[in-house]
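The sequence and the structure come before the details.

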Amino acid sequence: MEKEKNKVIEVKDLCKTYFMAGGLKQEVLKHISFSINQGEFVSIMGHSGSGKSTLMNILGCLDRPTSGHYELNGLEVADKTDEQLAHIRGKEIGFVFQNFNLLMKRTIADNVSLPLIYADVGAGERYDRAVQMLERVGLKGYEDRLPSQISGGMQQRVAIARALINNPVLIFADEPTGNLDSKTSDEIMALFTDLNKQGITIVLVTHEEDVAEYAKRLILIHDGKVGFDGTLAQYKKESK
Ligand SMILES: Nc1ncnc2c1ncn2[C@@H]1O[C@H](COP(=O)(O)OP(=O)(O)OP(=O)(O)O)[C@@H](O)[C@H]1O
Ligand SMILES: [Mg+2]
């Protein structure tokens, strides 16, 4: 019998409702269920406002569901304190965002090694590890520049190096190519593909089919629910 693969993410009946002033509320995620195994490369698509970022924030332990279950590496996230969640985020998860989120006045090495400050790593080792990570994303020699002195695509590579610095098992990327031209997008997606081949599980939100094409699996969020879960090729066939 084939050995069951390790589940990294399992969500069951996950709901998220935003409660706003004046008693207004908005149900954004409605009973979402799926699981993701270690080593998968998954893209999440859906219309603007369908709840993709809301879902990513919950999966990344930046926010909590209103109800339902979320197990990360077999541990129920709802049972964890905020402090424990911060610890899990720092140790297991790397984040990449659309607007790179770099500190513009700090050097590239400082940006990449920032997560290590919270892990109490000394300055010398932080620098060395930043240099190693920059090499991994093709930016050897750029460690002492400022973000304003490199291109957008390079800035996103720096953000990816920062996401990698704690050797995460999982990377969440919310529209990582949203601010890049198509050639640079392809380069960034090739880098994610490479990292996935090295065993890192990748979950990526995108609006573009070209970008989703790089992932092996597509989860479509429609009206707060899972509208499709399978390969992009299957999806294209079905939606013809
Ligand atoms: N903090 C919040 N408080 C109240 N409503 C929110 C909050 N965050 C998101 N929403 C609402 O939830 C819905 C889903 O938002 P979300 O950002 O998850 O969408 P999205 O699929 O990521 O969209 P986009 O493709 O534009 O990034 C939207 O209607 C949004 O207005
Ligand atoms: Mg979004």
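The model is predicted, so local features need pLDDT of at least 70 and side-chain atom pairs count only at pLDDT 80 or more, while totals for chains, interfaces and linings use all residues. Residues are numbered from 1 along each chain as its sequence is written, chains are lettered from A and ligands numbered from 1 in the order in which they are written, and side-chain values use heavy atoms, without hydrogens and water.

**Ligand 1**

The shell around ligand 1 holds 14 residues, the closest being S48, G49, K52, S53 and T54. A residue belongs to the shell if one of its heavy atoms lies within 4 Å of the ligand. By type, the shell divides into three nonpolar, nine polar and two charged residues. Here Ala, Val, Leu, Ile, Met, Phe, Trp, Tyr, Cys and Pro count as nonpolar, Asp, Glu, Lys and Arg as charged, and the others, Gly among them, as polar. Helix α1 gives the largest share of the shell, three residues.

Polar contacts are pairs of N or O atoms within 3.5 Å; within protein, one atom must be able to donate a hydrogen and the other to accept it, and residues adjacent in sequence count only if both atoms are side-chain atoms. An oxygen atom of ligand 1 lies 2.6 Å from an N or O atom in the side chain of S48. The side chain of T54 likewise has an N or O atom 2.6 Å from an oxygen atom of ligand 1. With S50, the ligand oxygen is 3.3 Å from a polar backbone atom. Taken alone, ligand 1 exposes 640 Å², of which the protein buries 62%; these areas come from the Shrake-Rupley method with a 1.4 Å probe, and for residues only the protein chains shown count as cover. The elements that give two or more residues to the shell are β2 and α1.

**S50**

Where does S50 lie? S50 is in the loop between β3 (41-45) and α1 (52-59). Helices (H or I, at least four residues) and strands (E, at least two) are DSSP runs, numbered from the N terminus. S50 has a relative accessible area of 8%, so it is buried. Buried means under 20% relative accessible area, exposed over 50%, and partly exposed in between (1.4 Å probe, protein chains only). A polar atom of the S50 side chain lies 2.6 Å from the backbone oxygen of H47. Leaving aside neighbours within four places in sequence, S50 is in contact (heavy atoms within 4.5 Å) with V28, L29, I221 and G224.

**Salt bridges**

Side chains of opposite charge can pair when their charged atoms come close. A salt bridge is a side-chain nitrogen of Lys or Arg within 4 Å of a carboxyl oxygen of Asp or Glu, and the count comes to 11.

| Pair | N to O distance |
|---|---|
| R217 and E40 | 3.0 Å |
| E125 and R129 | 3.4 Å |
| K183 and E187 | 3.0 Å |

R217 is buried at 14% relative accessibility. E125 and R129 are four residues apart in helix α4 (residues 123-136), so about one helical turn separates them. E125 is partly exposed at 44% relative accessibility. K183 and E187 are also four residues apart, in helix α6 (residues 182-197), and so are about one helical turn from each other. K183 is exposed at 59%, whereas E187 is partly exposed at 33%. Salt bridges that share partners join E40, R217 and D229 into one network.
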